[in-house]
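Biologist: I'd like a close look at one part of this model, and I'd rather have one connected walk through it than a list. Here is what we're looking at.

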Amino acid sequence: MVFWEGYVTDEAMGTFAPILVYWLYAGLYQLLPPLDNYRLHTRREEDDKNSVPLPSVVKGVLLQQLVQATVAQGLFLLTSKANISGITVQPSIPVQIVQIVIAMLVMDTWQYFVHRYMHQNKFLYRHVHSQHHRLVVPYAIGALYNHPLEGLLLDTFGGAISFLVSGMTARTAVIFFCFAVIKTVDDHCGLWLPGNIFHILFQNNTAYHDIHHQLQGLKYNYSQPFFPLWDKLFGTYMPYNLVKRPEGGFEARAVKAMKD
């Protein structure tokens with residue numbers, strides 16, 4: 001039993017809830033006061049280094065979400081597990097947890113290798129992936145700011161494959177995709193807030209991904225959005241130290257870069 005049962009179908013929730021959650025969670029970060037004592041970059045750095053205005057970022061994210069919603073609707077339609085009465089039998093809670101963990105690992109695997117290839121292939125980086133890196137200083141609303149082709153290959157296809165391999169129902173997908181969206185937004189929020197549960201539970205977090213957006217980290221920390229497993233296995237893991245800036249806030253400083 002879920003709170004939307006009887007009001008909205010699982011398929012509709014799986015399509016539109018992640019979009020709503022994205023804007024609610026990213027919007028919350030956007031509405032926060034400056035919080036200069038917790039920023040990984042100063043506001044001046046954000047203004048100077050980012051080469052794309054906020055309205056263009058919003059348009060880019062909305063375009064990607066339109067594509068994602070279209071693919072999600074088709075995917076749910078083709079994989080419906082409903083019986084003749086239109087009812088989908090939901091697996092037990094332990095089975096759903098296992099499916100979510102499998103989906104996390106599949107998504108991490110897909111995104112690591114596609115993301116890494118987009119950096120290694122000069123044509124793809126220059127014409128596709130570099131759009132995301134126009135936000136040198138990441139912020140929450142820009143988490144899904146990508147070239148449309150990247151959004152399709154990296155995020156939309158990655159989500160679809162995770163859903164299919166895990167065997168989850170549309171109802172379980174609501175939980176998984178909303179969680180994945182929240183984690184992705186948090187990884188791009190640019191803030192190191194005390195008590196942030198994602199910073200406590202995940203090595204792959206805001207500071208970890210911030211290293212990747214810095215010049216010396218472009219060829220490291222490809223893993224997203226959950227675990228740094230593939231970075232560690234393939235030698236692309238770059239650890240960091242969080243250094244407190246005298247003027248307030250923190251700096252994620254790459255350890256390898258400090259040794260060079």
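How many disulfides does a search of the whole structure find? And which residues of α4 and α7 meet?

Modeller: Quick housekeeping before we dig in. This is a predicted model, so local features need pLDDT of at least 70 and side-chain atom pairs count only at pLDDT 80 or more, while totals for chains, interfaces and linings use all residues. Numbering runs from 1 along each chain as its sequence is written, and side-chain values use heavy atoms, with hydrogens and water left out.

The disulfide search comes back with zero, where a disulfide is a pair of cysteine sulfur atoms within 2.5 Å. Take cysteine 178: its nearest cysteine sulfur belongs to cysteine 189 and is 18 Å away. Seen from the other end, cysteine 189 has its closest cysteine sulfur in cysteine 178, and 18 Å is too far for a bond. Both are tucked away: cysteine 178 is buried at 12% relative accessible area, and cysteine 189 is buried at 8%. (Buried is under 20% relative accessible area, exposed is over 50%, partly exposed is in between, with a 1.4 Å probe and protein chains only.)

Now to your helix pair. Two packed helices are described by the angle between their axes and the distance between the axes. Here, α4 (residues 93–120) and α7 (residues 170–187) have axes that come within 10 Å and cross at roughly 45 degrees. Helices are DSSP runs of H or I with at least four residues, numbered from the N terminus. The axes are lines fitted to C-alpha atoms over the stretch in contact, with angles from 0 to 180 degrees between N-to-C directions. The two helices are therefore oblique to each other; under 35 degrees would be roughly parallel, over 145 roughly antiparallel, 65 to 115 roughly perpendicular, and the rest is oblique. The crossing of α4 past α7 is right-handed, that is, the near helix is turned clockwise from the far one by less than a right angle.

As for who meets whom, α4 brings Gln96, Gln99, Ile100, Ala103, Met104 and Met107, and α7 answers with Thr172, Ile175, Phe176, Phe177, Phe179 and Ala180. Contact means heavy atoms within 4.5 Å. Those residues split into nine nonpolar, three polar and no charged. (Ala, Val, Leu, Ile, Met, Phe, Trp, Tyr, Cys and Pro count as nonpolar, Asp, Glu, Lys and Arg as charged, and the others, Gly among them, as polar.)

Staying on α7, that helix also holds threonine 184, which counts as buried at 18%. Leaving out residues up to four places away in sequence, threonine 184 touches Ala143, Leu144 and Pro225. Proline 225 sits in the loop between α9 (206–213) and α10 (229–233), and a cis peptide bond joins it to glutamine 224, with omega about -5 degrees. That loop also carries asparagine 221, buried at 0%, whose phi is near 50 degrees, a positive value in a residue other than glycine.
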